[in-house]
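Hi everyone, thanks for making time this morning. I'd like to walk you through one model, so let me put it on the screen.

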Amino acid sequence: MMTKKCPAVFCFKGHILKAAVSQQNTSRVRKFVHKARQKDATTALWEAASAGQYDVVCLLLPFSDPTAKNSRALQLAAWHGHEKCVEVLLPLSDHNAANAALVEAATEENVKLLKLILPYADPKANNSAALQKAVLNNS
């Protein structure tokens, strides 16, 4: 089976964008985000959210899909405890993603994140997984 490859120029720019995010080089992100495909910008968004690069997350949002892969950017930001990133991603994510982020915050015992996410989530979702994590962590 033959796989479809992207044009080299787009793949190259996607790698440059990802490298710029990895290096926390905001000026290079700003330079290359306009030339990257949405898929590459979304992958870069995941990395920036995971690393807590709030300014880069804000730069990438107009060019990426924050709801991709069940709002992976939100989940990564919550898992790593990056409150500012979670705050900007929450309104752009769906209810299920907020529920997953709530579980991450409960698992990490991050009270600030719990308070931030709770208005967007249902603590009874997924058989009360977030509540179970919070109780188990405090017993």
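The protein chain averages a pLDDT of 83, and 80% of the residues score at least 70. Among its elements, α6 has the highest mean pLDDT, at 97, while helix α9, residues 125-137, has the lowest, at 61. Over residues 1-11 pLDDT stays under 50, and the model has 6 contacts beyond four places in sequence for that stretch. Where pLDDT is low, the predicted coordinates should not be read in detail.

As for the architecture, there are 9 helices and 0 strands. Of the 139 residues in the chain, 36% count as buried. If you take the contacts with a separation of 6 or more, 62% of them come from residues 24 or more positions apart.

Now, what holds the middle of this picture? The largest nonpolar core has 34 residues, and those touching the most other members are Leu17, Val29, Val57, Leu60, Val86, Leu89 and Ile117. Helices α1, α3, α4, α5, α6, α7 and α8 each supply at least two residues of this core, and α3 gives the most, with 6 residues.

Let's look at α3 itself, residues 38-51. An α-helix has 3.6 residues a turn, so residues three or four places apart point the same way. After α3 comes Gly52, with a positive phi near 75°.

The side chain of His80 makes a polar contact of 3.1 Å with that of Ser50. At 36% relative accessibility, His80 counts as partly exposed.

Another loop residue worth a glance is Ser64, between α4 and α5. Is Ser64 buried or exposed? Its relative accessibility is 7%, so Ser64 counts as buried. A polar atom of its side chain lies 2.9 Å from the backbone oxygen of Leu60. Beyond four places in sequence, Ser64 is in contact with Gln38, Ala41, Thr42 and Leu45.

Last stop, the cysteines. How many disulfides are there? The count comes to 0. For Cys58, the nearest cysteine sulfur is that of Cys85, 7.5 Å away. Cys85 is buried, with a relative accessible area of 1%, whereas Cys58 counts as partly exposed at 29% relative accessibility.

That's the tour, and I'm happy to go back to any part of it.

Key:
Residues are numbered from 1 along each chain as its sequence is written. Side-chain values use heavy atoms; hydrogens and water are left out. Helices (H or I, at least four residues) and strands (E, at least two) are DSSP runs, numbered from the N terminus. Buried means under 20% relative accessible area, exposed over 50%, partly exposed in between (1.4 Å probe, protein chains only). A polar contact is a pair of N or O atoms within 3.5 Å; within protein, one must be able to donate a hydrogen and the other to accept it, and residues adjacent in sequence count only if both atoms are side-chain atoms. Contact means heavy atoms within 4.5 Å. A disulfide is a pair of cysteine sulfur atoms within 2.5 Å. A nonpolar core is a set of buried Ala, Val, Leu, Ile, Met, Phe, Trp, Tyr and Cys residues joined through side-chain atoms within 4.5 Å. pLDDT is the predictor's confidence in each residue, from 0 to 100.
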